[in-house]
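Shall we take a look together?

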2 protein chains.
Amino acid sequence: MSPTPRAGELRWDIIELLFFAYRDFVGDADHELEAFGFGRAHHRVMHFVHRYPGLKVADLLDVLRITKQSLGRVLKQLLDEGYIVQKTGNNDRRQRLLYATAKGEALVGKLAGLQTDRINRAMQDIDPAGQETVRQFLRAMIDRDDPDKVLETIFGSGKKPRE
Amino acid sequence: MSPTPRAGELRWDIIELLFFAYRDFVGDADHELEAFGFGRAHHRVMHFVHRYPGLKVADLLDVLRITKQSLGRVLKQLLDEGYIVQKTGNNDRRQRLLYATAKGEALVGKLAGLQTDRINRAMQDIDPAGQETVRQFLRAMIDRDDPDKVLETIFGSGKKPRE
DNA sequence: CAAGATATGTCAACATGACTGACATAAATT
DNA sequence: AATTTATGTCAGTCATGTTGACATATCTTG
């Protein structure tokens, strides 16, 4: 009933830290992407296609939570410029399974390298147990109801797509 | 020289967890904002004006890293609809110091409540030391060169703007 | 005091990446 | 054979970002 039901307990600190941390984290990649004429949308598509080879278009729509129309534009560019290839599904020939090309992997790797540098810097004074705590926190921040294919893989049975 | 200079050491797990965690974290507020006809831009402006009362327009531009034109649009809406008020600076009468109204505070509080719920859920199995580790990680993810006024407050001397 | 710098506001024009809703095609399922 | 599914595409719109130019009030400096 009261207008500010929990004035003292709001997590202002974490809310702001998340804002600034994410701003600078994606900023690393943004800078590099400009040189390719790409934006964040391209990065996200490239990232997930690289990490989960054979991803269907429908899966990608679920993961990115954007519309077909929005995805179509960036996907077409990435296909045209040879960063991604499509293969017709074996079982279901309507499906277009997506794979990163060598060119695509190089780009994703470069961007992941920049972000990894930042993460390593941030983790350097945190012991392995603490690093696992950070992972635990991030995992627990994610909605578990209605998980998409990628989240199922991440949470599912401990199995990872690569490495 | 090699095309993928550190194939094995990239932090794919953290990179993806950050993506999903942030997606769902801002998703909480996005949903609520629709009811007000506002977007994320409005939320960010409201948040920082509320948290750092008397912020100058120039400070806000630094923090949000957007242009005057972009800020002007959303700020005008928030002023017109009574979520924020401007006061002329005492020392420098060119400055427009920004303050949240009661209406503005109510909105920010509501959104922060949603995000706090998610953070509390994520933190519930993490002990105080672990929670401090999470903060340490997030702080270390932020660029410290060229800090804006808000970051100076956050990092500066341990002093916090409120509470 | 006059001149220049600064803080803010505003204009036009444009780009990106999201959206909706409709429709087309091919292939699978019933 | 009819329906559903997976994908692609069209037209139009919106929110939020950009640049560059310019106006005004006010502060600072020579």
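**A buried histidine, a DNA strand and a pocket**

His43(A) has a relative accessibility of 12%, so this residue counts as buried (buried is under 20% relative accessible area, exposed over 50%, partly exposed in between, with a 1.4 Å probe and protein chains only). The model is predicted, so local features need pLDDT of at least 70 and side-chain atom pairs pLDDT 80 or more, while totals for chains, interfaces and linings use all residues. Residues are numbered from 1 along each chain as its sequence is written, chains are lettered from A and ligands numbered from 1 in the order in which they are written, and side-chain values use heavy atoms, with hydrogens and water left out.

Q: Leaving aside neighbours within four places in sequence, which residues is His43(A) in contact with?
A: Contact means heavy atoms within 4.5 Å. With neighbours within four places in sequence left aside, the partners of His43(A) are Ala29(A), Leu33(A), Leu111(A) and Gln115(A).

Q: Which element gives the largest share of the surface near DNA strand C?
A: A residue is near the strand if one of its heavy atoms lies within 4 Å of it. Two or more residues each come from α2 (40-51) and α4 (68-80) of chain A and from α3 (57-64) and α4 (68-80) of chain B. The largest share, four residues, is that of α2(A).

Q: How far is a phosphate oxygen of DNA strand C from an N or O atom in the side chain of Arg44(A)?
A: Arg44(A) is one of the residues that come nearest to DNA strand C. A polar contact is a pair of N or O atoms within 3.5 Å. For the side chain of Arg44(A) and a phosphate oxygen of DNA strand C, the distance is 2.4 Å.

Q: Which element supplies the largest share of the lining of the largest pocket?
A: A pocket is an open set of points on a 1 Å grid over the protein atoms alone, where a 1.4 Å probe fits, with protein on both sides within 12 Å along at least five of seven lines; lining residues have an atom within 4 Å of a point. The largest pocket is lined by 33 residues. Its largest share, nine residues, comes from α1(A).

Definitions and conventions: Polar contact = N/O pair within 3.5 Å; in protein donor to acceptor, adjacent residues only side chain to side chain.
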